[in-house]
Each structure stands twice: as structure tokens, then as C-alpha cells.
Amino acid sequence: MEDLLDIGGKLIANRLFIGTGKFSSYALMRSALESARAQIVTVALRRVDAGSKTENILDYIPKQCVIMLNTSGARNADEAVRIARLARAISPASNWVKIEVIRDNKYLLPDNLETLKATEILSQEGFAVFPYMSPDLSMAKRMMDAGAACVMPLGSPIGSNRGIKTRELVEIMAREVKIPVIVDAGLGSPSEACECMELGCAAVLVNTAIAIAGDPVNMAKAFSDAVGAGRRAYLAGLASDSKQANPSSPLTGFLR
Amino acid sequence: MSYYQAYLKYKDFPFAKTFSNISAQEVMAASRADKTAAEDLLALLAPAAEDCLEALAQKAHDLTKKYFGKSIQLYTPMYLSNYCDNQCAYCGFNANNQIIRKQLTLKEVEAEAAQISSTGLGHILILSGESREKTPLTYIKDCIKVLKRHFSSISVEIYPLNADEYAQIVQAGVDGLTLYQETYDEKVYESVHKAGPKKDYLFRLGAPERAASGGIRSVNLGALLGLNDWRKEIFFLGLHAQYLQDNFCDVEIGASIPRLRPHLGKFEPVNDVSDRNLAQIIIALRIFLPRLGISLSTREDSRLRENLLPLGITRMSAGSSTKVGGHTVIYDGDSNLPQFEISDTRDVEQIKAMLAAKGYQPVLKDWMQLN
């Protein structure tokens, strides 16, 4: 049976979600999305220029992709809600919105409380809400109760390429939260994306590590492959590891 | 507490002696610091940094790519008025200068806005000479109403306001403030600002904090290079940006590094800033504050702008005019003089093509009106 992610009312085969900022051109971004066979892309509404004939980023998103507009730039729940409503006006075909509420321009860490408020409001308005958050089990459950389609804990700060520094917390979330857990932000290499999938995350979202790679098109494909491998490993069931060699029966061998 | 208290700690600091004693090894150590401190900025600005500029440039380039990606935001200035109550020694709009004074009517603002936005630019920076009497806040707000129909982001570069007035213009639709302190040295400030309300050093210095408290989204600082020892000025500019980042963490902080350009008047720079110095300034600011926006205006020529780009620049102006109504309105030939001369006269399409050729995405829209 095909392994599909059931999320936001859709069934998704490719568990690599891709962010669209920081590319050196829209054409290159499109090639990277095509190379990864991406199905979910997130676009900052602040960058969408619907009135432009040549500069509208949405025109460069491959047709098979679901566009998840995000609220980049929102500093509180009220701004996130306003941006989400504007997003729906621009892209009525999709009710997916990624909530980003960031009041910290130094580390770009999210404000979980304001994110929760926006999630409550927008879920009630019929959006499929994808909240970006600092990993926290209680808050993730509250997001779920508020109607979130998933939770998106960060691996490390946006753009840092430092990998999954929040591993312990994300692993607990993946185990305990009943909606998909998608690691968003900070993943610097395909192996780190693979690691997230092995932990049991439902998907990962990557932007910077692809966009500023020497060859973004190949890097997108590499991430896609790694995510697929990690997912397959998770489903196969990883053998538990150990730091030492294991004698087969150290305590009961005498009974033989 | 305001930045002035932080400034006072270094006001009488022995800069010359400190800068000359810093070694290239100390500069490289500063560039590797995980969390940069004021001492690291001093090192990055020292003459010894010139000996390792290429290594520092690589670091600055990598940081810029990581935090801002391969994109450059474009904007253009729009001059509303050249009436001014001040007598700044270095400025063409000096109240004593015998130039034709002009202020755009709202109809002319509309025409300018339509022309500029037809180039695709979504970010506008409106400027005026500093005259509260001729360019009152009511006029500025009327202009904002017109501009909101054309632009996704509006920044102002006007006389400093009080806290309530900043909150008012934010409510009206302004999201960015540009305000140069010109010089952080109080004595030099006093000497180059001969008369007018701009003589109030502290009111100007506190303006970015008042705007940030009033809900502005971005603040762009600047020191006019040439008025004083540039190393000192950039040190205080960097500390100012850091102070704002630390205290107003939801506001995007940026900096401009304008060099004094030819203008009407006899003022000559007292401290020359070479191209090499300018490169060092960008590199030092980038390493000191990796998320700082850094703007490069058309004051600099096209070749230099292109070469400085990868060192840390995040915003560039394009298709600029420093004349009131410079995009659509012509007054009596050339008698409406510019505030200063520009060097890079390329239009928006040419700048976009240049950026694309250099592997950068030109960003024409990066915000939206929420009200």
C-alpha cells in the first residue's frame, strides 16, 4: 500500500516540503521544486506580487504543488490573522496557511502563545492551519485542540543550518501528538532531514539549505531522496542501537 | 534608559590609541567570536583589518547568504519637499541656500507614485527637507494616503517626531523609518548643524526608539561618512543598531553608510573614506550584526555598488532622483537642485538585469499594507 500523508484534506506522497525564499531567481526555484518533485511549497505572502506580470512568485510554482502561504512578518496573532485573510483573497483555491509569528528578529524564534491564538481563530474560519513553533509538548497539544492540521517544531533557528538540535523534544512530540509533526527550520543537510524522518516525524520543511547550496537543483533532489529513505527506515522499524557490543546472554548463559 | 546612556560609556574612549594597537590576529579572533561584543567591533574597524580583508570578506559573504539568501530588496526615494528650517553645512537643502523651493501637491504625489510604481517597485522611501511649518504632519499623512494606493511598503525620512506622532504615521500606513544621526560626535554635530531644530542632538538620537515604541516595523540608521573619523562613527552606528536590536526585538534594524557627495555649498569632507574603507565598513557591520539590513544607495557608482554587493548588502536603491518631483515634474529647467548628486543613474530594469546577472533575485515587494 502506498505510504501517503493525510493532511489538510489531502493525501501527500512527497514528505519534503520546500520553502521558497532566498533563491537567486524564481526560475532556479522552480527547477529545484521540479527536481525534488515537491508537492507542498510555502510562500511568504509578503513576497507575492499579484499585480505583477513578470515578478509574481506564484507563477513559478509547478502546477502539481499545493501552495501554503505563510504569515512571515507577523509580529502578533492579529497580524497573522490579517495576513492569512489576505492570503485567502489572493489564493482562494487553497485554504492552507502556515502561521509564523515572530517577535524576535535576532534569532527568528516563534512566539508560541500568539501562534496558538492565531491558530484558534483561523481554524474556526476554515483554514487548514500549519503552526510553526518552538518544540513544546503541552503547546503542541493545545495547537491540536485548537484545530491545527499539524505542528511544525523548529530543528534549530531559521536559516542556521545547524540541524536538529531539538531532537529530544521533537521525538517526544512525534510520539505523543496525534497530528502530524513536521520539522521546520534549521536543517542543513539531507542526512539531518533523514534523521527527522527516522524519528517518526511526518515530514520536514527545508528552505535555506536548498536555496543557498552550490547547486540548489541537485540539493533539492538530495533532500527529497533523504526524506524518502528516512521515512522508509522508520516504517521498516529501526533496530535499537547500543554504544557497546552485546554479549548474547551475560546473565543467563550458565543455564545453557 | 536610551542609547545615549550606552553611547556615554564610550564617548571619551581613547579610540585612536586603541585602533592603532589592534593586531591582525586580534581582528581574526573578533571575526570568529560566537557572540560579538563592542570590543569585537572595534577590532573589525581597526586599520589592521585591512591586512586580512579578503578572509573577513568571505566570512561576511557567507553570513549574508545564510541570513538573507541570494536576494536584494529594491526601493527608490521620492522627494516631497525641499523646504528646510535647518542650516546643515553639508546639505544642498540648507535654509540659507538660494534654491527654488518646492513642495509636491497631492496631485503631483499621485503622478510621481504612479510613475514609480509602474516600474514594479513596491517599496517607497518618502523624503522631505526638515520643516515642520511647510511640511506638517497633516501633509505627510495626506501623502501617505495617496501612496498607499500604489505601494506595499512606505518608509519615511523626515524630521524626527515625538512618540505620539510616530504612532500616528504607523497607523496611517508607514512601516519604515530612515533617520540618520549624521554624526554621533556631539561636538562635530554642534559644529555642522549651524542653526535650526536639528541642532537638538538628543531629540534626533532618541527618535528611532520612539518610532520603535510606536509600532514601526523597520528602522534604518545612518552616519554621514566624511563628517568625522569614520571608524568612530561606524563604531557608534553599530552599537546603536545593536542597542535597538536588543531592546526592540520585533523591529527590523538596518543601516546606511552614505559618503558625503558633491552638493550646493562649500563644505568639504574632513575625513575621506576610500572604497577600501567602505568595504571594511560593510564587512565589519555584517560580522558584528549578522541580521542587520545594510543599504547601498545610488550615491556610489555602478561599478563599486556591484563589487560591494556580496560583502553584506541587502537593500539597494534604483532609478533614483534626489530632486523634488524628480520622476515626473519639471520646474524651470535645472533650477530645482538635487539634495546631492547621484552616481549610479541606472533605472529599475537595468538594476534588475545587473542583479540577475550577478546571481541575485531582485525583490520588489516584501511587505503589504495590513490596514
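Residues are numbered from 1 along each chain as its sequence is written, and chains are lettered from A and ligands numbered from 1 in the order in which they are written. Because the model is predicted, local features need pLDDT of at least 70, side-chain atom pairs count only at pLDDT 80 or more, and totals for chains, interfaces and linings use all residues; side-chain values use heavy atoms, with hydrogens and water left out.

**View 1. The interface between chain A and chain B.**

View 2. Chain A and chain B share 5 salt bridges. Each has a side-chain nitrogen of Lys or Arg within 4 Å of a carboxyl oxygen of Asp or Glu. One of them joins A:E79 to B:R217, at 3.2 Å from N to O. Between the chains, 21 residue pairs are in polar contact, both residues at pLDDT 80 or more. Helices (H or I, at least four residues) and strands (E, at least two) are DSSP runs, numbered from the N terminus.

View 3. The structure holds 17 aromatic pairs over all chains. B:F235 and B:F236 make an edge-to-face pair, 5.5 Å centre to centre with 65 degrees between the planes. Rings of Phe, Tyr and Trp (its six-membered ring) pair if their centres lie within 6.5 Å; planes under 30 degrees apart count as stacked, over 60 as edge-to-face and the rest as tilted. Both B:F235 and B:F236 are buried. Ring pairs link them into a cluster whose members include B:Y4, B:F13 and B:Y201. Buried means under 20% relative accessible area, exposed over 50%, partly exposed in between (1.4 Å probe, protein chains only).

**View 4. Charges over rings.** A:R88 lies over the face of A:F127, 4.0 Å from the ring centre. In chain B, the charged end of B:K134 sits over the ring of B:Y83, 5.1 Å from its centre. The criterion is NZ of Lys or CZ of Arg within 6 Å of the ring centre and within 35 degrees of the ring normal.

**View 5. Helix α4 of chain B.** Of the 8 residues in this helix (residues 38–45), 7 are buried, so it is largely enclosed by the rest of the structure. Among them are B:D40 and B:L41. The buried residues pack against elements of chain B including α1 (3–11), α5 (53–68) and α12 (230–247).

View 6. A:K22 has phi near 70 degrees. A:K22 is in the loop between β3 (16–19) and α1 (26–35) of chain A, and is buried at 14% relative accessible area. Phi of B:E182 is near 75 degrees. B:E182 belongs to strand β4 (residues 176–182) of chain B and is buried at 7%.

**View 7. B:N271 and its partners.** B:N271 is in the loop between β6 (252–256) and α13 of chain B. A polar atom of its side chain lies 3.1 Å from the backbone nitrogen of B:W230. Neighbours within four places in sequence aside, B:N271 is in contact with B:G226, B:N228, B:D229 and B:W230.

How values were computed:
A polar contact is a pair of N or O atoms within 3.5 Å; within protein, one must be able to donate a hydrogen and the other to accept it, and residues adjacent in sequence count only if both atoms are side-chain atoms. Contact means heavy atoms within 4.5 Å.
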